[in-house]
Amino acid sequence: MRRRITSLTVLAALVATLLFALPLGIAVWQYYHDDAKGDLERAADAAALAVSEDLTAGRRPTVPPLDEENDEAEGEVAIYAPDGRLLAGHGPAVGGTVERQAAKATVDVVIGREGDEIALAVPVVSGPRVTGVVRAALPLAQLRQRIVLTWLGMAGLVVVTTGASWLLARRFTTRLVRPLEELAAAAERLGDGDFTARSPRAGIAEIDQVGETLDATATRIGETLERERAFSAEASHQLRTPLTGLRLQLEAALETPAADPYAAIRAGIASADRLERTIEDLLALGRERRAPRATLDLEALLDEVRQAGDALLGPRGRALRIVRQDPPPAHAAAAAVRQVLGVLLDNAATHGRGTVTVVARDAGDALAIDVADEGPDLGETDPFATAPSGHGIGLPLARSLAEAEGGRLRLSRPDPPTFTLLLPADSPE
């Protein structure tokens, strides 16, 4: 790409220079011819004035020397009789076409090419008759030399201009191509899975705009993958709770073969329904655009908590107690609240002891749901940490879900361990 841009730039500069140089070269050619004509005409006029008196008196004229200020043409001056004979100076012994036309006195100046010279002739007039002809000539080789030297100078300028264009093209091409190469490298790193890759800014608006778009794309992809990783980890944790309850129910049914098998089947179906609902909730929560919030059906939610608690705690010989203390209506997504309570219930079943108590109460402008068990004092332990000795990755998930619904999840009491979910109460209107 560098070579292509440089070549095109140099080619464009060369074409532009040639398009300018060609008419300029023709103008130079015309200028030197006009300049030579002017020099010859001045030399001929000066000589005609000097010999006019001698020719009128019939004396042999003497060619005056050229004026030093006008000797640029370095021409030769000759004096001819009206019949074409050379009287003085340097020139052909017999006048040619130019001199014969001037002798007729029909025009003031006659110019033309004679042999390898450019000749100019003016008549010397005394009254009505022509007394002589003055001829000034310049070798064509000398005129061509001046034109060629000027053209060579112009060609040198073309070479210098092309070289300067090449240097400037290389400089600006480097400035233009390097950001593109860095942008391509960043895109390659992004394609290899490095979503922290960022493209540097080049100071060129168009390239920087592409870089910003690529950076935004990398950020979105990285966030999406991070969300998918978190969802996979959270889903595995959340699905473990209903699966554990279902397994415990089936194991309890196998250990008591005399019990009613239909009760175990119904309990298993209920656990499968909760598992299916958990999967649907996780899929909904894993999407970037969630369902709108609505007034929470607290009775149905607590009934689901009771069923899940009985399935999870019953086979372990533990009890679940649900208390309602005039809870206000709340405004939240049922799927998020259901998963938060599922995390708290699983945490109490796994890490706690004794009876698990769920209390739904009024906390002023919020609905508070407490989940407590009779486990050991947590002390200064941060239960929301993801360390191996903590309470699993479910609690960080539960806190993030609560905050996404405009609520809070905190450890309200370390002994006995009590977690409180606060949800914004539904407004009167």
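Keep in mind that the model is predicted.

**The β11–β12 hairpin**

- Strands β11 and β12 make a hairpin, and four residues sit between them.
- The two strands run antiparallel and are joined by five bridges.
- If you want a pair to look for, find Arg413, which stands opposite Thr418 in β12.
- The peptide bond leading from Asp415 into Pro416 is cis, and its omega is near -10°.

**Helix α8**

- Helix α8 covers residues 394-404, and its buried residues are Gly394, Leu395, Leu397, Ala398, Leu401 and Ala402.
- Look down the axis of α8 and those buried residues fall within an arc of 155°, so they line one face of the helix.
- Here's the handy background: an α-helix has 3.6 residues a turn, so residues three or four places apart point the same way.
- After α8 comes Gly406, with a positive phi near 80°.

**Asp326, out in a loop**

- Asp326 sits in the loop between β7 (320-325) and β8 (331-332).
- Its phi is positive, about 50°, even though Asp326 is not a glycine.
- Is Asp326 buried or exposed? Exposed means over 50% relative accessible area, and Asp326 has 69% relative accessibility, so it counts as exposed.

Definitions and conventions: Residues numbered from 1 in each chain as written. Predicted model: local features only at pLDDT ≥ 70, side-chain atom pairs only at ≥ 80, totals over all residues. Heavy atoms only, no water. Buried < 20%, exposed > 50% of the residue type's maximum accessible area, 1.4 Å probe, protein only. Arc of directions from axis to C-beta. Pairing = 2+ DSSP bridges.
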